[in-house]
Amino acid sequence: MSFDPGMLHNNGHTAYANGSGPGIRETGVVEKLLTSYGFIQCSERQARLFFHCSQYNGNLQELKIGDDVEFEVSSDRRTGKPIAVKLLKIKPEVLPEERISGQVGPDLHAYPFTVLHGYIHPVVSSIPMHLDGKSAPGQMPTGSVCYERNGEVFYLTYTPDDVEGNIHLDTGDKVSFYMETNKHTGAVSARNIQLVKKKQMRCQGVVCATKEAFGFIERADVVKEIFFHYSEFKGDLEALQAGDDVEFTIKDRNGKEVATDVRLLPQGTVIFEDISIEQFEGTVIMVIPKVPTKNQNDPLPGRINARIGFSDKELPFGEKDTKSKVTLLEGDHIQFNISTDRRDKLERATNIDILPDTFDFTKESREMGVIAAIRDGFGFIKCVDRDARMFFHFSEVLEETQLHISDEVEFTVVPDMLSAQRNHAVRIKKLPKGTVSFHTQSEQRFMGVVEKEAVAATAKNASPNKSKEKEADEGVIAYEDCGVKLTVTYHSKDLEGAYHPQAGDKVEFSINEVKRTGHQSAVSIRILNRNISNGKRLQGFVATLKDNFGFIETANHDQEIFFHYSELCGDLENLELGDTVEYSLSKGKGNKVSAEKVTKVAAVNGIGEDVGATVMLGKVVRPLRSVDPSQTDYQGLIEVTEEGGAKGPSYPFGIMGMANKADCLQKGELVKFQVCMISQTGQKMACNVMPQRRALVECVKDQFGFITYEVGESKKLFFHVKEVQDGLELQAGDEVEFSVVLNQRTGKCSACNVRRVSEGPKPVATPRPDRLVNRLKSITLDDASAPRLVIVRQPRGPDNSKGFNVERKTRQPGVID
């Protein structure tokens with residue numbers, strides 16, 4: 001290829017491709033060199049220029065590929081392409097092979113430059129990285145180091161290729177390096193960079209203990225605690241507590257590591273361990289001792305054996321690794337997760353939970369009982385096999401079950417660690433109702449003869465005139481078992497039916513044995529040979545209940561018999577009006593007949609037989625004697641009201657004829673009822689008697705009110721708002737239906753089951769009196785006698801002025817002033 005220098009297209013001046021003026025020279029690197037021509041790679045721009053060897057000013061033998069050259073740009077006259085002319089070889093700057101070393105910091109002021117052993121300490125800025133660890137797109141990843149020489153600061157760039165050992169440098173790292181000049185650009189950069197010391201990183205941990213003036217932090221990088229003084233905590237010291245996540249810097253003081261610059265982190269930042277999602281099953285082979293020994297230094301003293309994969313593995317656990325505080329025993333079948341410590345890869349069992357079938361694996365002795373008392377956080381169990389009540393703590397209840405008094409439970413008894421003489425219940429499991437029994441009853445029935453009659457105990461609400469309550473007296477039954485004559489005691493409450501056996505009566509019974517004491521007694525006692533239909537026991541119905549006595553309506557519903565609560569066999573709390581009872585008649589002082597040995601029995605169906613289907617309307621002409629004690633007849637009387645106001649037949653009624661036994665029927669009240677036939681006497685009586693009461697609400701005051709209804713001497717009937725059906729709020733004037741009940745103790749009546757039939761007229765605001773209206777109309781501003789307004793203070797604006805400083809004006813939407 002031939003090249004004619006005269007063919008350069010100058011037109012009187014040098015042409016440059018980059019538009020620069022004449023005399024500006026560029027630099028580049030010889031990329032390709034042949035016999036008479038070559039190519040140059042420009043340093044300042046992305047261009048590859050042709051050059052002829054005749055344009056080189058110098059010894060062509062010394063020009064080599066890779067040499068830095070300086071040149072001007074012209075254009076080929078034939079082709080018009082840019083070419084390099086007037087080439088000069090650039091002599092490389094010889095820099096001293098001095099290794100620079102120092103520390104890394106974010107800025108020059110953070111770490112003052114000092115000379116150590118003749119080395120210069122530069123500050124390094126790390127290579128910018130994206131969050132994914134890759135360099136920014138479209139640019140060469142570079143970092144920078146800066147150093148000081150003779151009081152002047154210099155910055156040098158570097159690339160990852162300039163770092164030895166393929167390591168990543170962070171801002172603040174101490175490094176050493178050589179300086180090098182780029183052949184293309186002449187720029188000085190750092191090369192052969194070596195890491196001297198990593199920047200002191202911030203550590204994380206959790207505060208594990210706090211004292212008066214210092215505390216300890218459990219480190220997240222190693223299994224170790226580190227001391228810190230409160231003066232090093234940067235924050236509100238009052239808010240610092242054990243369990244807080246913190247970060248800190250480690251420094252050496254007096255040969256010991258201490259935490260400095262301690263700062264709070266958001267809760268949950270520090271994670272010590274990874275917990276497996278999969279749950280495993282295992283067996284407890286070593287439990288944590290309740291009272292630690294002096295030589296116990298193992299923080300994880302418990303041990304669990306589990307088969308994981310295809311091999312048996314023994315895992316430790318500590319006090320905080322159980323889900324609940326229920327006592328663990330050796331042999332327990334448990335479920336757990338595996339926790340792996342991130343610091344030392346130690347595995348341990350955590351989230352330990354006792355499985356329901358664990359009692360099939362352990363060798364513990366289980367006992368039963370009933371919850372007898374519950375306090376704040378603890379309670380007591382009445383044991384089946386022990387006399388003393390057993391203490392337990394709520395933390396020992398399995399399955400987080402809520403316990404209540406009388407709940408049946410199963411438990412294990414262990415000695416108290418603080419007192420060897422005391423025991424307490426642990427591992428408490430709630431049982432279904434009816435599981436626990438304090439007695440065992442024989443299936444065999446025995447025959448015997450009553451030697452001594454049993455006397456019932458005085459009822460709880462016995463007469464206050466008696467100084468002492470009569471205690472239950474045991475009866476005695478003689479019987480034979482396998483030819484051996486024996487005796488057994490019994491109580492009145494263990495009789496079947498309402499008939500009390502007398503001395504000499506032949507009875508059949510079962511034997512009940514108390515598990516705790518082994519004491520035997522007769523139960524389910526039934527009289528065999530005595531004719532109990534000899535008229536001694538009568539049947540009736542409870543008609544009245546007073547403070548310490550009551551009345552029984554006879555089976556014929558025509559009389560009432562007095563009885564004292566001391567003659568009641570059973571609990572008075574369970575006795576209600578209309579209950580069926582059996583009793584015996586006795587004569588007391590003044591030959592007055594009363595009932596004794598009163599016993600509640602199963603209820604009989606209805607008052608009588610042959611109840612008519614017709615519902616009649618009538619009026620009460622005589623109430624029951626319980627309502628009007630002054631009358632001589634017990635029965636009440638209802639007169640049928642016929643059409644046209646004519647009087648119809650009258651029918652008596654008793655307590656059993658009332659639809660609501662607690663209802664208090666007054667004389668003159670309208671009722672609806674049916675007629676039935678009493679089988680014993682053939683008498684017709686009123687039954688299913690229901691009053692037809694309607695009246696107006698007089699007033700309502702907060703939680704109670706009054707109805708305009710005459711009862712006895714009172715013309716108003718009291719009611720409580722809780723008795724209003726459907727939770728409605730009654731107003732004065734509302735029409736209501738209701739029942740009347742008599743308080744047996746106070747003798748006062750009140751309304752219940754109050755139902756609103758219709759609403760009364762709405763209250764209308766009272767108009768102003770005419771004299772006030774006329775006065776207001778006649779008042780004028782000029783009237784000296786008219787009320788006057790006196791200005792106390794003038795209104796003021798937000799800035800304490802008399803108004804707004806700037807006049808308010810209408811603003812146009814979208815227009816900014």
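Modeller: The count comes to 41 salt bridges, a salt bridge being a side-chain nitrogen of Lys or Arg within 4 Å of a carboxyl oxygen of Asp or Glu. This is a predicted model, in which local features need pLDDT of at least 70 and side-chain atom pairs count only at pLDDT 80 or more, while totals for chains, interfaces and linings use all residues. Residues are numbered from 1 along each chain as its sequence is written, and side-chain values use heavy atoms, with hydrogens and water left out.

Glutamate 72 pairs with arginine 25, their closest N and O atoms being 3.3 Å apart; glutamate 72 belongs to strand β4 (residues 68-75), whereas arginine 25 is in the segment before β1 (26-33), 47 residues apart. Strands here are DSSP runs of E, at least two residues, numbered from the N terminus. Glutamate 72 is buried at a relative accessible area of 10%, and arginine 25 is partly exposed at 24%, where buried means under 20% relative accessible area, exposed over 50%, and partly exposed in between, with a 1.4 Å probe and protein chains only.

A salt bridge also joins glutamate 257 and arginine 219, with 3.2 Å between the closest N and O atoms. Because glutamate 257 lies in strand β16 (residues 256-264) and arginine 219 in strand β13 (residues 214-219), this pair ties together parts that are 38 residues apart in sequence. Glutamate 257 is partly exposed at 37% relative accessibility, while arginine 219 is buried at 8%.

Finally, salt bridges that share partners join Asp332, Glu364, Arg366, Glu410 and Arg427 into one network.

Note on methods
Helices (H or I, at least four residues) and strands (E, at least two) are DSSP runs, numbered from the N terminus.
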